[in-house]
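Dear colleague,

Please find the structure below, handed over for your files. A short account of the findings comes after it.

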Amino acid sequence: MTPSTLSRVLADLRSDTVTTPTPEMREAMAQAAVGDDVYGEDPTVNQLQAEVARLTGHEAGLFMPSGTMTNQVAIALHTRRGEEVVCAEGSHIYEWELGMMATFSGVVPRFVPAPLGVPDPEGVRLAVRHSVHQSPTGMISLEDTHNKAGGTVIPLEVLAAVRTVADMEGLPLHLDGARVFNAAAAQNVPVSDITRHFDTVSVCLSKGLGAPVGSVLVGSAAAMKQAHRYRKMMGGGMRQAGVLAAAALVALRDGPDRLREDHRRTRQLAEALVEAGFDVNLAAVQTNIIYATLPDAAAQVARWAEQGVLASALGPDSVRFVLHHQVSDEALAEAIRVLTA
Ligand SMILES: *Cc1c(COP(=O)(O)O)cnc(C)c1O
């Protein structure tokens with residue numbers, strides 16, 4: 001069921017990617033100065049890259065069409081064929097990136113357990129392999145917030161401890177920070193308190209921040225120079241991408257402060273669902289995502305859609321709700337009415 005088949009959508013809770021550009025974003029897009037970004041000549045793209053690098057405390061940034069591309073370019077940067085990527089179980093880089101780590105970089109994942117999306121640093125250390133009899137570890141990757149675990153946050157001391165493991169093992173450390181601004185908002189810290197622990201970070205502008213398109217990879221200037229080549233190989237050279245970067249700059253300016261509102265509404269919805277008898281693990285509800293376990297998820301989601309509330313069935317008995325800035329308090333009240341009827 002897509003929104004176009006409905007007479008009226010009260011609340012689209014399928015994902016935080018469904019937001020449409022605000023009037024301010026469209027205005028900025030219309031006015032954007034542009035150039036050929038494959039030559040590095042788009043001033044608005046360059047401004048966006050510099051701004052994300054500044055906010056995250058890194059030297060340089062590179063704008064790409066998607067978070068899958070920023071993650072997979074990072075994996076290509078950090079690994080050689082036949083190596084392993086140590087990552088938290090359920091990581092997006094493996095679960096939802098269509099085998100690209102194998103097809104593009106020739107590497108395989110080694111999952112470590114991660115209750116509520118948080119791996120034990122000692123577990124990460126034990127997963128690292130250097131023996132000649134085994135595929136060696138090429139890199140470590142974390143995900144904050146962790147999507148599949150429910151938008152959960154990794155405590156800062158765990159990040160620091162995993163950084164220590166990476167240093168001791170001589171391994172690069174990447175963050176899939178698609179929702180790292182949600183993690184920062186949830187902990188009430190500047191995003192750089194999180195991102196400074198990593199060699200590279202992938203940041204999505206098109207999730208909760210609300211831009212129509214794009215992610216930025218940050219890291220050292222030398223790494224971003226090499227990343228530029230991998231981006232081109234993947235077909236990510238976008239030419240006059242300043243029209244997209246202009247919208248992303250507005251998202252970066254206005255988006256982070258709004259996330260706390262999304263988190264408040266998420267909590268409100270989760271508590272209403274629990275009160276109505278839904279099986280929701282409230283401990284996992286830390287940012288803007290809720291997973292509920294219920295029978296016949298697809299059929300239930302279809303019934304709600306007929307009443308104007310959209311959610312995602314992500315398994316036979318799993319439904320996901322995601323809040324974003326285009327779900328107002330009024331829309332949330334309507335959604336709660338439909339979902340708990
Ligand atoms: C959405 C997401 C991505 C990137 O997805 P794209 O659709 O390729 O932009 C990466 N990691 C996580 C955790 C995500 O939720």
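The notes that follow cover backbone geometry and then the cysteines.

This is a predicted model, in which local features need pLDDT of at least 70, side-chain atom pairs count only at pLDDT 80 or more, and totals for chains, interfaces and linings use all residues. Residues are numbered from 1 along each chain as its sequence is written, and side-chain values use heavy atoms, with hydrogens and water left out.

Backbone. Helices (DSSP runs of H or I, at least four residues) and strands (runs of E, at least two) are numbered from the N terminus. Aspartate 144 and threonine 145 are joined by a cis peptide bond, with omega about 0 degrees. Threonine 145 sits in the loop between β5 (137-143) and α7 (156-169).

Two residues other than glycine have positive phi values. For arginine 239, phi is near 60 degrees; this residue belongs to the loop between α10 (221-233) and α11 (242-275). Arginine 239 is partly exposed, at 33% relative accessibility (buried is under 20% relative accessible area, exposed over 50%, partly exposed in between; 1.4 Å probe, protein chains only). For aspartate 296, phi is about 50 degrees. Aspartate 296 is found in the loop between β10 (289-293) and α12 (297-306) and is exposed, its relative accessible area being 57%.

Cysteines. Searching the whole structure gave zero disulfides (pairs of cysteine sulfur atoms within 2.5 Å). For cysteine 87, the nearest cysteine sulfur is that of cysteine 204, 17 Å away. Cysteine 87 is buried at 1% relative accessibility, and cysteine 204 is buried at 5%.

With kind regards
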